[in-house]
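Good morning, and thank you for coming.

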Amino acid sequence: MLTRPWRLLCAGLALWGCRSQAPAVQSSQSKSQQVVKKRVIAGPRHPALALRLARKGGPVRAYRLPTLTEMPNAARGRLPAVARVVGLDVESHTLFVTTATDALLSLDLETGRVDTVAKSVVVTVLGPDQTLFVVDTQRRVVSVARRARLTWPQPLSAIPREMFGAADQRLIAVVPGDEAHPSTLRLIAVAADQPPATRVLAITGDVAATRWGDLVAVASDSGILLVDPLARREPTFVRLADHPRALAFSPSGHRAYVTRRTGAGLAVVDRYERAEIDGVALPTAAATVRLDPLGRWLLARPSIGDSAWVVDLPIKTMVGTVATSWDADLPAIGPDGSLLVGQGKDVVAYRADTALKETGRVAGGNADLWAFSPGRSSFRGMPIDAQASSPAPDSAAALAGASGAEAPLYVQVSTSQNEAWSSQMAQQLSRAGLAARVLPPTGLDDGFRVVLGPYESRDEAEAIGRKLGRPFFIYQPSP
């Protein structure tokens, strides 16, 4: 049984594709008077899970990652025939799916209770703050936040071509142009209690949005258009040498990865510099890309053949090729870093960081749909000596430590230009029992750093970092 509350340690480690660098550190921090050490006993551990939903209907089945060992009774509930997995609200342990009859259902994975959220559903999306948005055939909008269902007073002007959830329970919809502009798109940002902000887009290519919906990118024949949905700044066009085909943002929203129609590899566009700054080498042109929700891995689909190229984003290196079909749910990276793919009739798990070694297989699993649960973080109680209490530094002097001789050592898990995103990640890590905080930028090119600590020595910091199960950096601010 999935116990409450699930901890979201994995959700915090999301920015391996953005600028995140750590200077080399040779010396350890001198002892600080502000640190209180305490040994905490580790709480119950629950693994990350892959959830299997039968397309023809039936019970939800759970599999431990990365071995894909079935775990009876880890999830409860039965569903009718399922058409699509919308997403999992990890706070309320609720899975949202659409059925073959265009109904949207919610399944409580703890109790097994199934409820109908809406009928005649056309498009639906789960936003970054776990708000669910639904648009039906009459263009009516229904949102569900913290189990509270709200029917919006005004319908949308048209059925969305694409839809994204944004911060503050705001909806971003891309709809066809009106009669006066039939060959354009309209970008609508709207909330239940606010009038819509509409922007007309003169191009109609592939569309992507950042995780928090604060920036939308639209592909054209010669580049991509970066648009603020709330019209706080003018759109910016980034010209590219080759014709863009598909695009996706990094989890931090710092970079956009763009496939080329003819050229091999990907173009990398920096949202702040408003320019192509880098590239990712691939054997040929890619048709589409998917990013690991934690930002470590990128999956690219070749233009020809059923396979996936697996790219390690921090080093921008392709680590291998895996045979797989491409569907709405698979291939995908699980919350533990496992790569799940559909091969023939089976679903197969690989470890992306170990030369794509197979770790598990579910016979006949490719006929069904799959979703993921991060499980409970093993950091509910820290199994090693950790910082149980350390007041946040209020000034640069505090960052330099009590003695002022050296800056403290931190385990850096991300850096981003988005302060709200960084703050929420730090809160999630804190709820998981970690001493997380956000360090503000120290220069024009710096970002908001999400860190754990401070710690007295490099050995202690690295011990914490290794427990994360993900890449990390040891960061020491300049005194």
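A residue is called buried when its relative accessible area is under 20%, and exposed when that value is over 50%. Please also note that the model before you is a predicted one.

Let us apply that definition at once. Is Ser252 buried or exposed? Its relative accessible area is 4%, under the cut-off of 20%, and therefore Ser252 counts as buried. Ser252 is found in the loop that links strand S23 (244–249) to strand S24 (255–260). A polar atom of the Ser252 side chain lies 3.2 Å from the backbone nitrogen of His254.

Arg301 is 25 residues away from Trp326 along the chain, yet their C-alpha atoms are separated by 8.1 Å.

I now turn to a sheet. In general, the strands of a sheet pair through backbone hydrogen bonds, in a parallel or an antiparallel manner. Here, four strands make an open sheet in the order S15-S16-S17-S18, with antiparallel pairing. Strand S15 (162–166) and strand S18 (194–201) are the edge strands, each pairing on one side only. On average, neighbouring strands of this sheet are turned by 20 degrees against each other, if direction is ignored.

Let us follow the pairings. S15 and S16 are joined in the antiparallel sense by five bridges, and Gly165 has Leu171 of S16 as its bridge partner. The hairpin of these two strands has three residues between them, and there Asp168 adopts a positive phi near 60 degrees. How many bridges join strand S16 (residues 170–176) to strand S17 (residues 185–191)? There are six, and these two strands run antiparallel. Ala173 stands opposite Ile188 of S17, while Pro176 has Leu185 of S17 as its bridge partner. Why is S16 described as largely enclosed by the rest of the structure? The reason is that six of its seven residues are buried.

In soluble globular proteins, nonpolar side chains tend to be buried together. The largest nonpolar core in this model has 20 residues, and Leu51, Leu53, Val60, Leu79, Leu95, Val97 and Leu109 have the most contacts inside it. Several strands each supply at least two residues of this core, among them strand S2 (49–53) and strand S35 (369–373). Leaving out residues up to four places away in sequence, Leu53 touches Val60, Leu79, Val85, Leu95, Val97, Asp368 and Leu369. A separate, second core of 16 residues includes Met425, Ala426, Leu429 and Ile474.

I close with a helix. In helix H4 (residues 458–467), the buried residues are Glu460, Ala461, Ile464 and Gly465. These residues lie on the same side of H4, because they cover an arc of only 140 degrees around the axis. Asp459 and Arg466 are exposed, on the face of H4 turned away from that buried side.

Note on methods:
Residues numbered from 1 in each chain as written. Predicted model: local features only at pLDDT ≥ 70, side-chain atom pairs only at ≥ 80, totals over all residues. Heavy atoms only, no water. Pairing = 2+ DSSP bridges. Axes fitted to C-alpha atoms, helices over the stretch in contact; angles between N-to-C directions. Buried < 20%, exposed > 50% of the residue type's maximum accessible area, 1.4 Å probe, protein only. Core = buried A, V, L, I, M, F, W, Y, C linked by side-chain atoms within 4.5 Å. Contact = heavy atoms within 4.5 Å. Polar contact = N/O pair within 3.5 Å; in protein donor to acceptor, adjacent residues only side chain to side chain. Arc of directions from axis to C-beta.
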